[in-house]
Amino acid sequence: MDPHATLRQSEQNVLTLLDEQTTYKELAEILNISTSTARDHISAIRNAGIPLGETTKDGEKAFYRSEETRAALERERPAPTSSKAAHTKAKKEMLHVLQEWLADDLTGRAVVAEGGMQRRDSNQDMVIHRSDDHLGAFYEDERGTVVYNDDIAAERVRTVSERVFNLKERQEDAGVTFDTAHILLGGDGIHGEGIHDDQPWESCLTLIEQIALYVDLYSEFIDRAAREFPSVQV
């Protein structure tokens, strides 16, 4: 069996970047993964029997494709491989698109209710704190069963959101009147890429996709809260 065929897509992406001496840190920055994951990819490539050159660059280990590997890749994939400069340019372009998309998507959402937030001494506010959704994370158990991915994460966010409104309904049935919903969005809403240097867990979404999913899920929640409460603070 061709050893290149045994590589996962993420490992093949790493291999195509080794056209020049590249450190773990540089791979992590280019691909938005952790340095630990970069090490795992290099190990997987070598374990597949694909030879890599190794040297030292700026005091750190650096890897590059051997001539044998380079020739094999050229035979299998005649199309030119992406350079690090191309990856960096693509990331900057995606960031620009994301900024424009967010500006357009969020226009009109940050609206303060006329007269400000509702507050009456006889009424109550509700505080909803959300954090650690890690949208985009991908985990498998020891049997290889997927236990967390973007679909599971989105379902959990929607389940918790539904519980919030069910709680509000039960409280109102008991005679409570609410004024403002305070929605606190804490850290680690998205998994990110390369933020856990000591954990080789992988992401199933790009950083852009993670942010887009987060915005969609919580915009959905905030929009409903705005219909259910006299005022909402995020």
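This is a predicted model: local features need pLDDT of at least 70, side-chain atom pairs count only at pLDDT 80 or more; totals for chains, interfaces and linings use all residues.
View 1. Asn-13 sits in helix H1, residues 9-17. Look also for Leu-27: 14 residues separate it from Asn-13 along the chain, and their C-alpha atoms are 9.9 Å apart.

**View 2. The largest nonpolar core, with its 22 residues.** Here you can find Met-126, Ile-128, Leu-135, Leu-217, Tyr-218, Phe-221 and Phe-229, the members that touch the most others. Strand E4 (124-130), helix H6 (150-173), strand E7 (178-185) and helix H7 (207-228) each supply two or more residues, and H7 gives the most, with 6. Zoom in on Phe-221 to see its contacts with Ile-128, Ser-161, Val-164, Phe-165 and Ile-183. A second, separate core has 17 residues, among them Leu-17, Leu-18, Ile-30 and Leu-52.

**View 3. A salt bridge between Lys-57 and Glu-26.** The N to O distance here is 3.0 Å. Lys-57 belongs to strand E2 (residues 52-57) and Glu-26 to helix H2 (residues 24-31), so the pair ties together parts 31 residues apart in sequence.

View 4. Glu-228 is partly exposed at 31% relative accessible area, whereas Lys-168 is buried at 4%. Shared partners join Glu-162, Lys-168, Glu-172, Arg-224 and Glu-228 into one salt-bridge network.

Methods
Residues are numbered from 1 along each chain as its sequence is written. Side-chain values use heavy atoms; hydrogens and water are left out. A nonpolar core is a set of buried Ala, Val, Leu, Ile, Met, Phe, Trp, Tyr and Cys residues joined through side-chain atoms within 4.5 Å. Buried means under 20% relative accessible area, exposed over 50%, partly exposed in between (1.4 Å probe, protein chains only). Helices (H or I, at least four residues) and strands (E, at least two) are DSSP runs, numbered from the N terminus. Contact means heavy atoms within 4.5 Å. A salt bridge is a side-chain nitrogen of Lys or Arg within 4 Å of a carboxyl oxygen of Asp or Glu. Lists of a residue's contacts leave out its neighbours within four places in sequence.
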